[in-house]
Amino acid sequence: MCGIVGYVGSKSAVDFLLEGLYRLEYRGYDSAGLAVQQDHQIAIRKKTGRVGQLADLCERQPVTGTFGIGHTRWATHGEPSDINSHPHVGGNGEVVLVHNGVIENYSILRNQLRELGYVFRTGTDTEVVAHLVAHHLFEEIKLGANPGEIKTCLRAVESALKRVKGTYGLAMLFRDVPGLLIAARLGSPLVVGIGRGEHYLSSDAGPLVGRTEEVVYLSDHEIAVITPHELQIIHRDAGTQTPSVRTLEQTTSDLDLGDFDHYMLKEIYEQPQTVENALRGRLDEDEASAKFGGLNMQPQELRRVDRIILTACGTSWHAALVGEYLIEEFARIPVEVEYASELRYRNPPLTDRTMIFAITQSGETADTLAALRECKRKGHPTLAICNVVGSTIAREADGGIYLHAGPEIGVASTKAFTSQVTVLTLLALFLGRMRNLSYPAGKRIIGHLRAMPEKLRQTLGCHAAVKDIAQKYYQAENFLYLGRLYNFPVALEGALKLKEISYIHAEGYPAAEMKHGPIALVDEDTPSVFVVPRSNIYPKVVSNMEEIKARRGPIIAIACEGDDKIADLADDVIYVPDVDEYLQPLVTAIPLQLLAYEIALLRGCNVDRPRNLAKSVTVE
Ligand code: G6P
């Protein structure tokens with residue numbers, strides 16, 4: 001939700017700002033803007049639409065300078081428009097800033113500032129912060145402070161932030177102090193990149209890749225005072241902090257599209273490799289178990305756990321549902337899957353033996369972070385299954401497991417899902433082997449897991465068949481996705497993918513449950529996608545298919561290779577390799593990702609940047 005970049009150094013700021021904004025565009029693409037400072041002038045360019053449109057504007061109306069900030073917006077307060085685009089100006093241009101987050105008390109603050117004579121030009125909550133900082137700057141000056149000094153600006157920011165309620169990642173320039181960039185964080189991520197005689201700022205590490213390998217992640221309530229040669233970090237309560245410098249491990253090739261037309265397709269095709277990455281070094285043949293480097297919990301503590309809460313949002317929540325089935329089957333520990341947005345405000349009775357796992361690709365989802373913090377505050381061990389190294393959730397959890405899937409840039413999550421399911425399978429195996437899963441059973445699971453990257457490679461062979469099927473159905477306005485047991489979450493995920501990128505209404509349901517409502521939607525124009533690989537309840541799912549057929553609903557079946565019978569009932573079949581039931585989500589998810597992709601293309605949709613969505617939802 002909104003991306004921020006900043007630069008202070010000796011190179012052209014606009015080059016980094018635009019390049020960085022392209023890389024952050026997945027966080028929001030309602031509008032984009034930047035501000036560049038030269039001496040005591042700050043020039044602003046901003047525009048509704050994508051970063052490309054901002055780049056065109058900057059070509060027509062060039063800006064020069066070596067200090068700057070930029071923003072790509074996912075609108076919260078105020079419609080997407082040129083005027084509501086960031087940066088926003090405070091006072092008479094003394095402060096220019098960009099913001100990611102939500103200012104909850106903006107209305108009260110705006111009224112107070114209006115009474116003091118400040119004029120508001122936009123419908124955003126952010127403009128309030130700009131005027132508030134300017135106001136405190138004037139107050140400092142009235143008391144005799146020098147407007148050209150860093151400490152004056154810092155004091156103004158500190159005073160302003162004390163009055164703000166809500167969340168923010170902020171980056172600001174000061175007209176009278178060229179080369180000063182002040183950043184502040186509460187709830188919305190920010191990372192500082194350290195260069196030689198230059199500093200970068202960004203919402204995530206992506207824009208810094210290829211520019212620097214040394215980064216400092218800001219924590220909540222920290223303010224960074226950044227100049228080309230200095231970085232000072234001040235915590236609201238703890239005062240000046242020694243920056244903890246970390247090394248970035250990404251490379252620019254992780255961010256390239258390669259031969260693919262879209263990131264989504266590239267990421268779908270990466271899955272054999274990303275699943276392999278999730279398994280690497282974690283299969284313990286001697287113990288017939290899994291091993292993890294970062295759980296930070298002793299076996300005795302883990303053995304005491306008698307209940308697990310998996311909490312997540314979106315696709316990660318679907319992976320958590322698969323995790324519930326896996327952990328309960330292998331480890332016999334009761335598991336509940338909670339939407340993070342609910343868990344954060346609920347007060348479920350948890351005991352001191354309850355362990356919490358947050359599952360998140362980005363590690364920044366506001367609700368997941370809040371749920372994790374709430375459980376942590378209550379004293380529960382909180383762990384994370386996370387993709388982005390150094391993200392807020394990865395840093396705040398007591399321990400966890402990284403996916404090692406590489407950057408996921410397509411807004412609709414694909415490879416993160418299969419990596420999460422892989423890690424959850426490993427976790428179930430690990431917890432199971434601490435309890436009643438036998439050595440031979442553990443060995444068997446390891447053998448099956450080892451085979452998965454190759455099975456996924458084979459699965460991708462279904463792409464041509466999926467393309468033909470997409471051609472047949474892409475004009476449908478409603479879809480049902482149905483599956484049972486391990487394939488029920490896959491049905492939910494398939495429906496979500498289609499909705500997200502093609503804007504077709506789709507519902508995922510447990511196959512048998514469709515009799516309790518969704519079957520009313522079935523007619524000859526409403527395709528049902530049945531996820532029906534071989535399983536103990538295969539005949540039951542086939543009966544559900546019959547029920548749809550009897551109502552003349554078209555059926556697309558995702559079935560195991562060799563299942564010729566299914567073609568008698570289904571109008572179209574996509575075959576996937578036959579794997580054990582608990583591993584089926586890994587192979588059955590892929591054709592559904594491809595189906596959504598192909599249908600979205602045929603409908604002329606932007607698959608990597610679907611409307612209204614953002615990759616990293618850092619607001620509530
Ligand atoms: C957004 C994204 C989804 C993602 C969800 C949770 O809605 O568009 O693709 O599944 O957030 O994100 P997380 O990073 O926590 O997994």
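1. Helices (H or I, at least four residues) and strands (E, at least two) are DSSP runs, numbered from the N terminus. This is a predicted model, in which local features need pLDDT of at least 70 and side-chain atom pairs count only at pLDDT 80 or more, while totals for chains, interfaces and linings use all residues. Residues are numbered from 1 along each chain as its sequence is written, and side-chain values use heavy atoms, with hydrogens and water left out.

2. Ala-288 is not a glycine, yet its phi is positive, at about 50°. Ala-288 sits in the loop between strand 16 (283-284) and strand 17 (289-290). The peptide bond between His-86 and Pro-87 is cis, with omega about 0°. Pro-87 belongs to the loop between strand 4 (67-73) and strand 5 (88-90). As background, most residues other than glycine have a negative phi, and most peptide bonds are trans.

3. The chain is split into domain 1 (3-247), domain 2 (253-437) and domain 3 (461-609); such bounds come from an automatic or database domain assignment. Between the C-alpha centres of domain 2 and domain 3 there are 26 Å. Their contact (heavy atoms within 4.5 Å) involves 29 residues of domain 2 and 24 residues of domain 3.

4. Domain 2 and domain 3 bury about 2,300 Å² between them, with 70% of it on carbon and sulfur atoms. Buried area here is the accessible area (1.4 Å probe) that two parts lose on being put together, summed over both. The side of domain 2 that touches domain 3 draws two or more residues from each of helix 6 (263-269), helix 9 (314-331) and helix 13 (415-433). Helix 9 supplies the largest share of that side, ten residues. By type, the residues on that side of domain 2 are 16 nonpolar, eleven polar and two charged. In this division Ala, Val, Leu, Ile, Met, Phe, Trp, Tyr, Cys and Pro count as nonpolar, Asp, Glu, Lys and Arg as charged, and the others, Gly among them, as polar.

5. Between domain 2 and domain 3 there are 13 residue pairs in polar contact, both residues at pLDDT 80 or more. A polar contact is a pair of N or O atoms within 3.5 Å; within protein, one must be able to donate a hydrogen and the other to accept it, and residues adjacent in sequence count only if both atoms are side-chain atoms. Zero salt bridges are found across this interface, a salt bridge being a side-chain nitrogen of Lys or Arg within 4 Å of a carboxyl oxygen of Asp or Glu.

6. The total by this rule is 37 salt bridges. In one of them, Lys-415 pairs with Glu-270, their closest N and O atoms 2.7 Å apart. Because Lys-415 lies in helix 13 and Glu-270 in the loop between helix 6 and helix 7 (271-279), the pair ties together parts that are 145 residues apart in sequence.

7. There are 13 residues around the ligand, and Ser-316, Thr-360, Gln-361, Ser-362 and Thr-365 come nearest; a residue is near if one of its heavy atoms lies within 4 Å. A polar side-chain atom of Thr-365 is 2.5 Å from a ligand oxygen, and a side-chain N or O atom of Ser-362 is 2.6 Å from one. A polar backbone atom of Val-411 lies 3.2 Å from an oxygen atom of the ligand.

8. Asp-30 is in the loop between helix 1 (13-24) and strand 2 (31-38). Its side chain reaches the backbone nitrogen of Ala-75 at 2.7 Å.
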